[in-house]
Amino acid sequence: MENYNQTVNKMRSVFMSGRTKDLAWRKTQLKALKSMIEEKREEICEVLYKDLRKNKFETRLMEVEFVLNELVDALNALDEWAKPEKVKKTLLTMMDQAFIKSEPYGVVLIIGTWNYPIQLVISPLIGAIAAGNAVIIKPSEISENTSNFLEYTIPQYLDKECIQVINGGVPETTALLAERFDYIFYTGNTVVAKIIAVAAAKYLTPTTMELGGKSPCYVHPDSDLDLVAKRLLWGKLLNSGQTCIAPDYVICNKEVEPELLKRMKATLVEFYGEDVQKSDCFSRIVNNKHFNRMKSLLSCGEVAIGGKTDEKDNYVEPTVLINVKATDPVMETEVFGPILPIFTAKDEVDAITFINSREKPLALYVFAKDKNIQKMFLEKTSSGGVCVNDCLMHCSVTALPFGGVGNSGYGAYHGKFTFDTFSHKRGCLVKKQSLEILNKIRCPPYTDRKLQITEFAIKKKLRRHSIFGLWPFVIIGAIFGLFLRFFTD
Ligand code: NAD
């Protein structure tokens, strides 16, 4: 094993030299990373095929284009993101400059996982570079081909002294975690997250935890079930269900269940033909350990659709289970594969009670036409993110923070949120060495008069919410309404 202490120390001294803080350096690295992804598109598709039998379509969209868009966002907005942000002042600080300065933490560690092995390390890397940090990436040993590709390719494009890839499994990660980092960004399961958190605690290192969990999908009886079947199975079966925000289980009433099953059967044929194993659009389970985990879940409840497996091929057929109990393993642990249990609840209130009795999920899906039902789920449940009437798509909106809550993690990223994650927000007040007369009132000897003036100078006032404040908007709205009416009659 390498001497990680030396590696981290060397990186820290380059960071201390100020190289990574330079905006020009950050932009050069981001542009080089963009070239790398563009030039190595085909190779990325090949390594992902080797690791997960991932189809080119999924790799191009979920890995290549995803990170390219993040790179374009960062390059377009970096000057804006990095600019000091001016803030409101009180009378006492009126003559001074008060601003928030985003500054890099230092040497940061990104630990990735195997299911989207490019996206899940490159996306945080973009924000870490944009914020001006030196970065060590530790990809997952499980997606071996992609990890080797990253280790070999990144040094060809990026500044080797400030950005490095270290490959390895548990021993290497454990050794790395013994070093002092200034930030740790971890993606993976909840059990390992606790090991990372303990290692980070030694130096009070701040962390982001991008974890998983059981993301429920509620289907209301008023839904178009054909549409639900398509959107739900697309979200569930992308990457063979090995997606952190894949709908983990369906929750609906007893009347919805048979109709939904009928539509799901038809959708599967539409998506993959009569024999899913022969389709080149369906990924495989990443390894034998996860294959066996999947297989053991098939004994829960009753198989309503699918159920076939082929160990030689790490293949698990898209499977829907019914009559599952809340205490069955398939309802207790995150599925993370192409098995979809349907859990029945009396109605929406019952479904919400069940969801709230569980750990907070990373995502929550609601299919309902009724706006009151949608609102009810938004207001009465909690989850990392929500998507109404579709699956996964909230993750594609980079203006939305992506992250968990409670057991599904903490911290968030994507777009500017990644830049913010990897930046310390330094509160700065800059005064002049003049106008001391203004400061005299705060200094002893204290008097009632000085107290009165100082209190006046610092006191904040409650904002008045007056209906009169809305009048200009009401008038503009009325004129606009009349205008529309006039032209649409
Ligand atoms: P994994 O086994 O690849 O582990 C993740 C990382 O942790 C790897 O780099 C691995 O080397 C390291 N690791 C494993 N054991 C360790 C230990 N004992 N000490 C130190 N490091 C260790 O992947 P996984 O954990 O099986 O990933 C699947 C989980 O990740 C699922 O729960 C999924 O929902 C979650 N996930 C979350 C997101 C998200 O963005 N929130 C994305 C993808 C996956």
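This is a predicted model: local features need pLDDT of at least 70, side-chain atom pairs count only at pLDDT 80 or more; totals for chains, interfaces and linings use all residues.
1. Asparagine 314 is buried, because its relative accessible area is 16% and the cut-off for buried is under 20%. You will find asparagine 314 in the loop between β11 (309–310) and β12 (315–316). Its backbone deserves a look too: asparagine 314 is not a glycine, yet its phi is positive, at about 50 degrees. For background, most residues other than glycine have a negative phi, and most peptide bonds are trans.

2. Now turn to arginine 53, where the backbone again has a positive phi of about 50 degrees in a residue that is not a glycine. This arginine 53 sits in the loop between α3 (41–52) and α4.

3. Proline 444 and proline 445 are joined by a cis peptide bond, with omega at about 0 degrees. To find the spot, look in the loop between α16 (436–439) and α17 (448–458), which is where proline 445 has its place.

4. The protein has 18 helices and 18 strands, and its C-alpha atoms fill a box of roughly 85 × 70 × 50 Å along the principal axes. Of its 489 residues, 49% are buried. The protein exposes about 24,700 Å², with 58% of that area supplied by carbon and sulfur atoms. Among contacts with a separation of 6 or more, 73% are between residues 24 or more positions apart.

5. Next, the domains. The domain assignment gives domain 1 as 4–211 + 415–425, domain 2 as 216–402 and domain 3 as 432–483. How many Å lie between the C-alpha centres of domain 2 and domain 3? Those two centres are 52 Å apart.

6. Leaving out residues up to four places away in sequence, isoleucine 154 touches Met36, Ile122, Leu125, Ile137, Phe149, Ile163 and Val165.

7. In the side chain of serine 140, an N or O atom is 2.6 Å from an oxygen atom of the ligand. Tryptophan 114 has a polar side-chain atom 3.4 Å from an oxygen atom of the ligand, while glutamate 210 has a polar side-chain atom 3.4 Å from a nitrogen atom of the ligand. How much of the ligand's accessible area does the protein cover? On its own the ligand has 860 Å² of accessible area, and the protein covers 92% of that.

8. Here is a residue from the start of the chain. Threonine 7 lies in helix α1 (residues 4–17) and counts as buried, because its relative accessibility is 11%. With residues up to four places away in sequence left out, threonine 7 touches Glu2, Ile136 and Gln164.

9. Finally, two exposed loop residues. Alanine 399, in the loop between β16 (385–388) and β17 (409–410), counts as exposed at 61% relative accessibility. Alanine 399 and cysteine 162 are 237 residues apart in sequence, and their C-alpha atoms are 28 Å apart in space. Threonine 327, in the loop between β13 (319–322) and α12 (329–332), is exposed with a relative accessible area of 59%. From threonine 327 to threonine 344 is 17 residues along the chain, with 13 Å separating their C-alpha atoms.

How values were computed: Residues are numbered from 1 along each chain as its sequence is written. Side-chain values use heavy atoms; hydrogens and water are left out. Domain bounds come from an automatic or database domain assignment. Contact means heavy atoms within 4.5 Å. A polar contact is a pair of N or O atoms within 3.5 Å; within protein, one must be able to donate a hydrogen and the other to accept it, and residues adjacent in sequence count only if both atoms are side-chain atoms. Accessible areas come from the Shrake-Rupley method with a 1.4 Å probe; for residues, only the protein chains shown count as cover. Helices (H or I, at least four residues) and strands (E, at least two) are DSSP runs, numbered from the N terminus. Buried means under 20% relative accessible area, exposed over 50%, partly exposed in between (1.4 Å probe, protein chains only).
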